[in-house]
Amino acid sequence: MKKVFHSDDVAYEFYKRFGKCHGFGINKGECGKHDKGRLIRRRFFCNRAGLKELKHYNRLDQWREHKLETRTNCEAKLSIYCNVVSGIWKVKKNFLEHNHV
């Protein structure tokens, strides 16, 4: 994917629409900042990325029943970075394979 964006918000909207067309939701991930505090890196993940921590399952003082687990440790993501000189955001990594339906 050799796509460029004018801002990270435009990239977020693109990936959100892409996910909706392909049947998955997305979450904003971590970001990186330049020395002067300017945002230069952003990651977007599938909403099923990661796993719930084990401490949530082993609690004895739980009042409610556990909800069904929706996370499947999916590794689908879009990673973008900003060229500091031009201010254009480019796709650095994209992984489109999901481990769920």
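## Aromatic rings and their neighbours

The charged end of Lys3 sits over the ring of Phe14, 5.2 Å from the ring centre. Please keep in mind that this is a predicted model.

Ring pairs join Phe5, Tyr12, Phe14, Tyr15, Phe18, Phe24 and Phe44 into a cluster. Searching the whole structure turns up seven aromatic pairs. Among them is the tilted pair of Phe5 and Phe14, and another is the stacked pair of Tyr15 and Phe18. In general, the distance of the centres and the angle of the planes describe a pair of aromatic rings. Here are those values for the two pairs.

| Pair | Arrangement | Centre to centre | Angle between planes |
|---|---|---|---|
| Phe5 and Phe14 | tilted | 5.5 Å | 45° |
| Tyr15 and Phe18 | stacked | 6.0 Å | 10° |

Why does the Tyr15 and Phe18 pair count as stacked? The angle between its planes is 10°, and planes under 30 degrees apart count as stacked. For Phe5 and Phe14 the angle is 45°, so this pair is neither stacked, which needs under 30 degrees, nor edge-to-face, which needs over 60.

Where do Tyr15 and Phe18 lie? Both are in helix 1, which covers residues 8-22, and they are three residues apart, about one turn of the helix. Tyr15 and Phe18 are both buried. For Tyr15 the relative accessible area is 1%, and Tyr15 counts as buried because that value is under 20%.

Leaving aside residues up to four places away in sequence, Tyr15 touches Phe24, Ile26, Phe44, Ala76, Lys77 and Leu78. Two of these, Phe24 and Phe44, are also members of the ring cluster. Tyr15 and Phe45 are 30 residues apart along the chain, and their C-alpha atoms are separated by 9.4 Å.

Finally, a look at the cysteines. How many disulfides does a search of the whole structure find? The count is zero. Are Cys21 and Cys82 buried or exposed? Cys21 has a relative accessibility of 68% and counts as exposed, whereas Cys82 is buried, with a relative accessible area of 7%.

Note on methods. Residues are numbered from 1 along each chain as its sequence is written. This is a predicted model: local features need pLDDT of at least 70, side-chain atom pairs count only at pLDDT 80 or more; totals for chains, interfaces and linings use all residues. Side-chain values use heavy atoms; hydrogens and water are left out. Rings of Phe, Tyr and Trp (its six-membered ring) pair if their centres lie within 6.5 Å; planes under 30 degrees apart count as stacked, over 60 as edge-to-face and the rest as tilted. Helices (H or I, at least four residues) and strands (E, at least two) are DSSP runs, numbered from the N terminus. Buried means under 20% relative accessible area, exposed over 50%, partly exposed in between (1.4 Å probe, protein chains only). A charge sits over a ring if NZ of Lys or CZ of Arg is within 6 Å of the ring centre and within 35 degrees of the ring normal. Contact means heavy atoms within 4.5 Å. A disulfide is a pair of cysteine sulfur atoms within 2.5 Å.
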